[in-house]
2 protein chains.
Amino acid sequence: MIDFPYIGDLCRPTDSKIVMLVVDGLGGLPHPDTGKSELESADLPNLDRLAQRSAAGLTTPVAPGITPGSGPGHTALFGYDPVKYLIGRGVLEALGLGIELRDGDLAVRCNFCTLDDSGFIVDRRAGRIATKESRPLVDELARIEVPGASLSVHQGREYRFVIVLSGEGLGINVRETDPSVTGAAPLEPTALSDDSRVTARAVSVFANEARKRLAGRATANMVLLRGFSRLPNWPRMDDVYRLRPAAIAVYPMYRGLARLLGMEVLPTGETIDDELDTLEQSFEDHDFFFLHYKPADAAGEDGDFRAKVAALQELDARIPRLLALGAETVVITGDHSTPAIMASHSWHPVPLLVSSSLTSGDGVSVFTERGCASGSIGHIPATSVMMLAMANAGKLIRYGP
Amino acid sequence: MIDFPYIGDLCRPTDSKIVMLVVDGLGGLPHPDTGKSELESADLPNLDRLAQRSAAGLTTPVAPGITPGSGPGHTALFGYDPVKYLIGRGVLEALGLGIELRDGDLAVRCNFCTLDDSGFIVDRRAGRIATKESRPLVDELARIEVPGASLSVHQGREYRFVIVLSGEGLGINVRETDPSVTGAAPLEPTALSDDSRVTARAVSVFANEARKRLAGRATANMVLLRGFSRLPNWPRMDDVYRLRPAAIAVYPMYRGLARLLGMEVLPTGETIDDELDTLEQSFEDHDFFFLHYKPADAAGEDGDFRAKVAALQELDARIPRLLALGAETVVITGDHSTPAIMASHSWHPVPLLVSSSLTSGDGVSVFTERGCASGSIGHIPATSVMMLAMANAGKLIRYGP
């Protein structure tokens, strides 16, 4: 709801603190053998007890039926309409690699691919070559120079890498070179509007040089470029909500996204315990904390029902430590569902709880999909979660006379 | 959600099949003697059993409190915002009569009315004269010729008929001649914008000629013209959703509407058994079927509670046959509610169930208004039903990186 027209008049800074714990891929679906979802199968005494004194509900990340990527799933939770505020693929990949983009930088998501002798694509992902195999290739490509911009090349996972162009007037309106099918040649990265001619020339030179330098290889002998994008210039959470927001997340993509939205990204370690250490240490310095928990989504994406249950239980065991900090408002929800039986993100509504001195339970006894469905918050768009958090924290004044 | 900005990137054709059964006027209200709605009063073992393994919810066709006509009720279910995509009254009436309109044709909904000796309207519907009485009058009017267009006149029910003008440059911006009150004279159909002068002249000549040819009659001695409209040029379901959609409906209006939205309209008979025959025969040729069931609405409109219960039970008995086809996704809902105690369409939310390999029940045990209210889908706009169907059928990829 960062676009609520009067939001600037409604938000007021207070001393009270909000912790928003985003359990990546929180929601699930019942396992066919038991009829119980991951949340229903897990033993979650602390989350259940918290739910019993919270306001509960379900959130829809984008719209019914729409499965969000991690970008839209998170921007929605911070109040940004995920249809209007969509981050480009190149930028999101760059954020995920921990690359610090500057204003005007252009990021491109790239793949190694394999061409046959006639120059037609036989494998768009070059057999998903291992990271250690692609590293020397990336090093070779990093030596390329392009006209009109300075180029950097960044290794990603396996067959993926990112190029960043820095310079003036780098429009993003360039045709992607991936034809999306095999049996076709890579496309020319032609400019689709006048403001993108510099970009088109630079990436065309890059692609041609890459072809020369990779020639002779049996696989990974060409590159495909897509997702031409720049850092967007969006309203910042600190400005709009008048918060001092901080992000605690292990993975670079979430850290980059948080920085983009105006949060201070706090250095932290690799585990939820590290994250909680960070939260404790910086608790006095901020009034809003985005705390990201990844393992539930990772297990769901792997289709590993038991691992997702275990990840939820691991988190549950840390809830007392989180609550002991005494934040006035605690929000726990997810950026989207990741049912293990689908082994992917999904469109299903996501459990939500909001706990503050103004909540005392909705009759919801368990923190599950079905439990939260009957809570007082009802089904709401994820873009409304931030306003509920702000309201519970006493950070929103009355709208209208 | 046909207007979802990225829909072209999200939809992918697959072999899986969706059957959307639209039970016209499905929702109802409790009978005062029993406290039970039509769905609650009916014995629906098959629908209840299906609900027990489905995702359930309620849909709002247009907005809370808004009672939709059949046009908006259906366009919403197919994902078209019923506020933006409104079919003109003339076109809808023409579709309902089975008239095949061509691009550029102008349809006008007409009434016979009764004027007094001074030319003032005493009855805007000419005493609702019987169809057999209006038939010779329509035949007489069909002989009229108008300048700038060719005219056809089509008998409707009782006092209603439709005229269709074919020609070039037939704008729709013409003042309706029905003053909406008695005691006033019919209005002149003046052009309200330059592009509608040809239309205004043609219909003015038609109205004046009609007055002459009907003169001397005690009733039905004049006509009123309204709802000047053309076939809209809307995005087609086959294009946008990348489906091969088919419609199976008995009544012409639904068939015409389906054709307008890009569905192939399959020839069928007069009963639900005929419709199911058609579904079986064409099952391999399409991946989306709109199956329309009218009797529930007809009974509701008649205020016949028992007949509506019976119509729902008739349908229930056919559900096993429908399910036996093995469509991967089955959606059952209505275009609006038609409570028998109101004897009319209403604004009340409409039960919805979505059944697929990804649904396993929400704890909803009966397919009723109250039962579906606690389902996992929650209350959603009817425009989201199509996306849920597509998602369950595996026909939508992830939105955003």
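I began with the terms: two strands pair if DSSP finds at least two bridges between them. Helices (H or I, at least four residues) and strands (E, at least two) are DSSP runs, numbered from the N terminus. I noted that this is a predicted model, in which local features need pLDDT of at least 70, side-chain atom pairs count only at pLDDT 80 or more, and totals for chains, interfaces and linings use all residues. Residues are numbered from 1 along each chain as its sequence is written, while chains are lettered from A and ligands numbered from 1 in the order in which they are written.

Entry: the sheet of chain A.
I traced an open sheet of 8 strands in chain A, in the order β9-β8-β10-β1-β11-β12-β2-β13, with mixed pairing. Its edge strands are β9 (264-265) and β13 (378-381), each of which pairs on one side only. I then looked at β2 (residues 55-60) of chain A, which runs parallel to β13(A) and is joined to it by 4 bridges. There, Leu58(A) has His379(A) as its bridge partner. Helix α10 (residues 272-281) of chain A packs on the sheet and touches β8 (245-248) and β10 (288-293) of chain A. For contact I used C-beta atoms, placed from the backbone, that lie within 7 Å. The direction of α10(A) makes about 175° with that of β10(A). Axes are lines fitted to C-alpha atoms, for helices over the stretch in contact, and angles run from 0 to 180 degrees between N-to-C directions.

Entry: the sheet of chain B.
In chain B I looked up β2 (residues 55-60) and β12 (residues 350-355), which pair in the antiparallel sense over 5 bridges. The bridge partner of Leu58(B) in β12(B) is Pro351(B). Helix α14(B) packs on the sheet, touching β1 (18-23), β2, β11 (329-333) and β12 of chain B.

Entry: two helices of chain A.
I checked α5 (residues 89-96) against α9 (residues 252-260) of chain A: they pack at an angle of about 115°, with their axes 6 Å apart. Leu92(A), Leu95(A) and Gly96(A) of α5(A) meet Pro252(A), Met253(A), Gly256(A) and Leu257(A) of α9(A).

Entry: the two copies.
I laid chain B on chain A with an RMSD of 0.3 Å, by a turn of 125° and a shift of 0.1 Å along the axis. That is the relation of a three-fold axis. The superposition is by least squares on the C-alpha atoms of residues with pLDDT of at least 70 in both. Ser374(B) comes closest to the rotation axis of the residues of chain B, at 4.0 Å (C-alpha).

Entry: the contact between the chains.
I found 23 residues from chain B and 30 residues from chain A in the contact. On the side of chain B that touches chain A, β13 (378-381) and α14 (385-392) of chain B each supply at least two residues. The largest share of that side, 4 residues, comes from α14(B).

Entry: Thr67(A).
I located Thr67(A) in the loop between β2 and α4 (70-77) of chain A. Is Thr67(A) buried or exposed? Thr67(A) is buried, because 24 other C-beta atoms lie within 10 Å. A residue is buried at 20 or more other C-beta atoms within 10 Å of its own, exposed at 12 or fewer, and partly exposed in between; C-beta atoms are placed from the backbone. Leaving aside neighbours within four places in sequence, Thr67(A) is in contact with residues including His345(A), Trp347(A), Ala391(B) and Tyr399(B).

Definitions and conventions:
Contact = placed C-beta atoms within 7 Å.
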